Amino acid sequence: MRVRLIFKNKEKGANVPFHHQYYLFRFFKGLIKKCGREEYANFKHYNFSGLKGQTTVSKSGLHFYSSKITVVFSCSDKNFIDSIIEVLFSLPEVKLNGLTIIPHEVELENHIEFGEETKYICISPLILLNPEFSSDIGKRFIHPESDEFVNQLESALFSQETLRELGGFEFLPDKNYLKKLEDRGKKYSRVYPLFDQDVPYEVRGYTFPFTLKGSPELHQYLFENGLGLFNDKGFGMLDLAEVTPGSKTIPYFTGQLEN
């Protein structure tokens, strides 16, 4: 289940850092704590995008000029999402670094019937390696066409018993896209800040299109919960490379939760 959390922008031109996942992570952890539900105290099987809206870029980060700002939030557990939404709309406003936003409405994205092969894009960086304190290991580059990339991805995926039950997969990066960027000297991987228990780390993240072959159940799980490591910190969110004609969001929360 994927929803779009839509906020009103209180002050046009206000800014957040270019990579602001940490501020969103702390915000969602605060919502989880405010839920007061014991079963979600250490829950990590969710994913979210960065802030989406009309922006300009400066040295201080992203300046938002649109009247509304959106975050895609995703999880397989509908009750968890409903709990987050209920607490969110009890708040008069939300402060994220230099940005103040006001909860406005929620839209539900269409349910997707997955086959065994789907092409994706990364709408937040895909992380393969666990960082270590005072080490550069988390920043190491691994080429997407290498066996090591697939092995690390498999290790991140199937460390969870739930995913092992969903069967194997085949990962096919878009070779033409990678070559085009490499030939132009452009990047499809960058080093991003990551905080784990408030300890700062740096990790390498990848953003490029790829095709994944696997069971429909595996596709559904990854689309709702993210791919790679640190999904609950806003990394590894996927979207379809090709939008289904006629697909659109529908209202989900405008004052009360749907049953």
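Start by selecting Val 199: beyond its neighbours within four places in sequence, Val 199 is in contact (heavy atoms within 4.5 Å) with Phe 133 and Leu 194. Before you go on, know that this is a predicted model, in which local features need pLDDT of at least 70 and side-chain atom pairs count only at pLDDT 80 or more, while totals for chains, interfaces and linings use all residues. Residues are numbered from 1 along each chain as its sequence is written, and side-chain values use heavy atoms, with hydrogens and water left out.

Stay on Val 199 for a moment. Val 199 lies in strand 13; strands here are DSSP runs of E, at least two residues, and helices are runs of H or I, at least four, numbered from the N terminus. Its relative accessibility is 27%, so Val 199 counts as partly exposed (buried is under 20% relative accessible area, exposed over 50%, partly exposed in between, with a 1.4 Å probe and protein chains only).

Next, the rings. The structure holds 23 aromatic pairs. Rings of Phe, Tyr and Trp (its six-membered ring) pair if their centres lie within 6.5 Å; planes under 30 degrees apart count as stacked, over 60 as edge-to-face and the rest as tilted.

Select Tyr 40 and Phe 43, an edge-to-face pair at 5.5 Å centre to centre with 65° between the planes. Tyr 40 is buried at 5% relative accessible area, and Phe 43 is buried too, at 14%. Then jump to Phe 171 and Phe 208: the centres are 6.3 Å apart and the planes sit at 75°, so this pair is edge-to-face. Phe 171 is in strand 11 (residues 169-173) and Phe 208 in the loop between strand 13 (199-206) and strand 14 (210-214), so the pair ties together parts 37 residues apart in sequence. Both of these Phe residues are buried.

Last, two backbone stops. Asn 97, in the loop between strand 7 (94-96) and strand 8 (99-108), has a positive phi of about 55° without being a glycine, and is partly exposed at 43%. Phe 230, in the loop between helix 6 (216-225) and strand 15 (238-240), has a positive phi near 60° and is buried at 14%.
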